[in-house]
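Here are my notes on the model you sent. Please read them with the structure open.

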Amino acid sequence: MQISRMKKYFLLFLIVPLLSFNIHKFYVSVTNITYNEKDESFQITSRIFIDDLEALLLERYGIKGNLGTDGEPPLVDDYIEKYLNAKLLLTLNGENKGYTFLGKKYENDLVICYLEVENVDLAALKSVTVQNELLTDLYEEQKNLVHLKMRGKKKSFVLIKENNKGMLNL
């Protein structure tokens with residue numbers, strides 16, 4: 001009887017940690033926004049996991065992305081640009097600024113998107129607001145890191161679905 005009870009405790013000791021161990025994917029994007037004084041522009045790079053972007057393209061637009069492969073549909077860039085324009089907003093002095101989608105490249109398991117806001121008058125700039133809702137419509141746990149560099153200042157934000165804006169007053 002004593003051995004049977006010990007076996008139960010031993011099994012319980014082994015099973016409980018296995019049940020409580022939860023493998024969970026980390027949902028994150030990283031966006032760097034840097035003011036380039038020479039070009040008088042904001043240069044933006046957004047790093048997004050390929051599998052997350054593929055899931056988004058399928059869910060939102062019904063497209064099987066096959067990103068970074070020979071099977072990548074030719075219109076993928078158009079859909080990525082459309083999504084970025086809807087979910088990543090840059091506001092200068094309270095005015096929304098559009099940007100140009102320059103393209104993308106693949107690096108390991110990431111898609112790196114390149115964007116640019118041209119003709120930014122740094123002398124007149126008083127505030128910069130970044131709204132980043134990338135993938136928050138697909139993943140509740142999504143976190144978007146934003147690093148903003150200009151005038152020798154660096155400000156970083158962790159933006160989530162409920163708090164998707166960060167502001168830098170100059």
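1. Overall make-up. The protein has three helices and 10 strands. This is a predicted model, so please treat the values below as computed from it. Along the sequence the elements follow the pattern α-β-β-α-α-β-β-β-β-β-β-β-β. The protein has 170 residues, and 39% of them count as buried. Take the contacts with a separation of 6 or more: residues 24 or more positions apart account for 58% of them.

2. The four-stranded sheet. Four strands form an open sheet, ordered S4-S3-S7-S10, with antiparallel pairing. At the edges sit strand S4 (95–97) and strand S10 (165–169), each pairing on one side only. On average, neighbouring strands of this sheet are turned by 25° against each other, direction ignored. In general, strands of a sheet pair through backbone hydrogen bonds, either parallel or antiparallel.

3. Strand S3 (residues 88–92) and strand S7 (residues 127–132) run antiparallel and are joined by five bridges. Which residue of S7 is the bridge partner of Leu88? The partner is Asn132. Helix H3 packs on the sheet and touches both S3 and S7. The direction of H3 makes about 50° with that of S3.

4. H2 against H3. Helix H2 covers residues 50–61 and helix H3 covers residues 76–87. Their axes come within 11 Å and cross at roughly 85°. From H2, the residues in contact are Leu53, Leu56, Leu57, Arg60 and Tyr61. They meet Val76, Tyr79, Ile80, Lys82, Tyr83 and Lys87 in H3. By class, this contact has eight nonpolar and three charged residues, and no polar ones.

5. Thr91. This residue is found in strand S3. Is Thr91 buried or exposed? Its relative accessible area is 14%, so Thr91 is buried. The side chain of Thr91 makes a polar contact with the side chain of Asn96, at 2.7 Å. Not counting residues up to four places away in sequence, Thr91 touches Asn96, Ser127, Val128 and Thr129.

6. Tyr35. Look next at strand S1 (residues 28–36), where Tyr35 is found. Tyr35 has a relative accessible area of 9%, so this residue is buried. Its side chain reaches the backbone oxygen of Val120 at 3.0 Å. Tyr35 and Lys149 are 114 residues apart in sequence, yet 6.4 Å apart in space, C-alpha to C-alpha. With residues up to four places away in sequence left out, Tyr35 touches Glu40, Ser41, Phe42, Val120, Leu122, Lys149 and Met150.

7. Thr45. Strand S2 (residues 41–49) holds Thr45. At 17% relative accessibility, Thr45 counts as buried, because the cut-off is under 20%. Where does the side chain of Thr45 make a polar contact? The contact is with the side chain of Arg47, at 3.4 Å. Leaving aside neighbours within four places in sequence, Thr45 is in contact with Val30, Thr31, Asn32, Ile112, Cys113 and Tyr114.

Definitions and conventions
Residues numbered from 1 in each chain as written. Predicted model: local features only at pLDDT ≥ 70, side-chain atom pairs only at ≥ 80, totals over all residues. Heavy atoms only, no water. Axes fitted to C-alpha atoms, helices over the stretch in contact; angles between N-to-C directions. Helix = DSSP H or I, 4+ residues; strand = E, 2+ residues; numbered from the N terminus. Contact = heavy atoms within 4.5 Å. Nonpolar A, V, L, I, M, F, W, Y, C, P; charged D, E, K, R; others polar. Buried < 20%, exposed > 50% of the residue type's maximum accessible area, 1.4 Å probe, protein only. Polar contact = N/O pair within 3.5 Å; in protein donor to acceptor, adjacent residues only side chain to side chain. Pairing = 2+ DSSP bridges.
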